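I open this entry to record what I looked up in the model. The notes follow the order in which I consulted it.

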Amino acid sequence: MSVPRYWRKQLNRYNLKGSKCETCGRHFFPPRGLCPECRRDGKIVDCEFSGNGTVRTFSIIRTASSDYDIQTPYPLAIIELDEGTCMTAQVICEPEEIHIGMKVKRVFRRIIAEGNGGVIVYGTKFVPA
Amino acid sequence: MREVAVVGIGLTEFGEKWDTSFRNLFVEAGAKALEDAGMSGDQIDEIFVGNMSGGRFVLQEHIGALIADFAGLTKNHIPSTRVEAACASGGLAFRQAYTTVASGIQDIVIAGGVEKMTDVGGSETTDALAGAADREWEGLVGATFPGLYAMIATDYMNRYGLTREQLAMVAVKNHYNGARNPMAQYRKEITVEDVLRSTLVADPLRLLDCSPVTDGAAAVILCPLEMAREFTDTPVKILASSQASDTIALHDRRDFSTLDATVAAGRRAFKQASLTPKDIGMVEVHDCFTIAELCAIEDLGFCAKGQAGKLTEDGQTALGGSIPVNTSGGLKSCGHPVGATGIKQVCEIVEQLRGEAVGRQVDAEIGMTHNVGGTGATVVCNILGV
């Protein structure tokens, strides 16, 4: 993928910056520019998430695209952030350790490295809290 | 709105077609459909073709024109349009053709689907398919397509007590049916033990829980019901065609184990046809993974939430059961050339309703199809009857 595509969302990826609708109070991560409830009546502002959350469901990915080869197998989860929105992320723990209801917190980690001398993409993963 | 019928169907054999190109797959299916309808290509008014990712799989875009050209239909310069909704592209093409005929805009329309998936390597296929979900916020953090359905399975098993064996029985049943379908990619029966011994892809899903990578094409010809007898003695009437959307990402869903777009599309289809699930004699559902078949059976209303595993274990979804599911072998055994699947489902229902499904024939007068794009962001349902 192109460098600008990674770069454009780096604050969101690195610092878990999302958005919220001041009209209805809903939080969004990944960020949305339009509230699906309030639509044009909503007032969207940036917000930073605490980074604490709970595993709602998970899998252990054992076959991935080649960008992820060196990490495979890795636990992947849908995490409900304490602010009430859900996101998909990797959880850094032993495959047998992850479970539904597990409390996790965010960490800054490398996501992928594109080959030798390619782009290194950083972002948010989670560890047991 | 005019009543619309299917008057011709055509399928290529599904599988790894090393000797056949993308364009030739479609032409073969289209020619078979015309042959089946006893029709000349000159009678076709318009083409819709479902294709997910010609751009990734064969580096070809502008597929509508390519198909019209190599099907020999550019002479009359008829409109030809490629439609895309990931794995629901075929279903979408069918619905476009249906609305085009029902509205009176055109009389005879061909709806096809085609995918040529084996011209790229496995890793690239995995990556292209991940584009059916949210590339930015699912794919880029390491979610594979099987991984997303695996997370549905984890949630479902935790909430409803589904056993790993019950999940395997979906694949066993679909392979039993596929073994009886001459067009299927895997005409081979398997056992629960085979499934449980197969490689883990994304826990809890194993290789034999997953639909394969497939080359193939399918085509059907639609016309107004009042014209149908000109072409066939056995027209199959389209009783309903519906479509629904949901969030592109699984993590934004209200309930990970319920595909709300399936619920919505199913309800719309039943309402349009003035029918209920009890009236349906057979259904082709989108079993891209075993867990997807169970969710579909429930979300369409064939049983209560959490009961589809038991229904499968009791044999009720098998040939001869109370609601035969995926008599073609489904995506699992018949194969899943993504853009063609939604059309292949219609072909199976038509074959069954005409009484031509030798070796896997069920006794039904009304059949239903259910085609999903991504993890449930697009769903197309059709109800057909004789």
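**Notebook: strand pairing and packing**

I note at the outset that the model is predicted.

I then looked up the strands around that bridge. Strand β9 (residues 282-284) of chain B pairs with β10(B) in the parallel sense, over three bridges. With strand β11 (residues 378-385) of chain B, β10(B) pairs in the antiparallel sense, and I recorded eight bridges there. Within this second pairing, Gly373(B) has Thr378(B) as its bridge partner in β11(B). The hairpin of β10(B) and β11(B) has four residues between the strands, and Gly374(B) takes a positive phi near 65 degrees in that hairpin.

I next asked how many of the eight residues of strand β10 (residues 366-373) of chain B are buried. Seven of them are, so the strand is largely enclosed by the rest of the structure. For this count I took a residue as buried if 20 or more other C-beta atoms lie within 10 Å of its own.

I traced the sheet as a whole. It is an open sheet of nine strands with mixed pairing, in the order β3-β2-β4-β7-β1-β8-β11-β10-β9 (chain B). The edge strands are β3 (80-83) and β9 of chain B, each of which pairs on one side only. On average, and with direction ignored, neighbouring strands of this sheet are turned by 25 degrees against each other.

I also checked a pairing elsewhere in the order. Strand β1 (residues 4-11) and strand β7 (residues 216-224) of chain B run antiparallel and are joined by seven bridges. Val6(B) stands opposite Leu222(B) in β7(B).

Which strands does helix α3 (residues 63-70) of chain B touch as it packs on the sheet? I found β2 (46-50) and β3 of chain B, and the direction of the helix makes about 130 degrees with that of β3(B). Helix α4 (residues 89-102) of chain B also packs on the sheet, touching β1, β2, β3, β4 (109-115), β7, β8 (236-245), β10 and β11 of chain B. The direction of α4(B) makes about 170 degrees with that of β4(B).

Finally, I turned to chain A. The chain has two helices and eight strands, in the order α-α-β-β-β-β-β-β-β-β from the N terminus on. Its C-alpha trace spans about 45 × 35 × 20 Å along the principal axes. Among the contacts in chain A with a separation of 6 or more, 46% are accounted for by residues 24 or more positions apart.

Note on methods
Residues numbered from 1 in each chain as written. Chains lettered and ligands numbered in written order. Predicted model: local features only at pLDDT ≥ 70, side-chain atom pairs only at ≥ 80, totals over all residues. Buried ≥ 20, exposed ≤ 12 C-beta atoms within 10 Å, placed from the backbone. Pairing = 2+ DSSP bridges. Contact = placed C-beta atoms within 7 Å. Axes fitted to C-alpha atoms, helices over the stretch in contact; angles between N-to-C directions.
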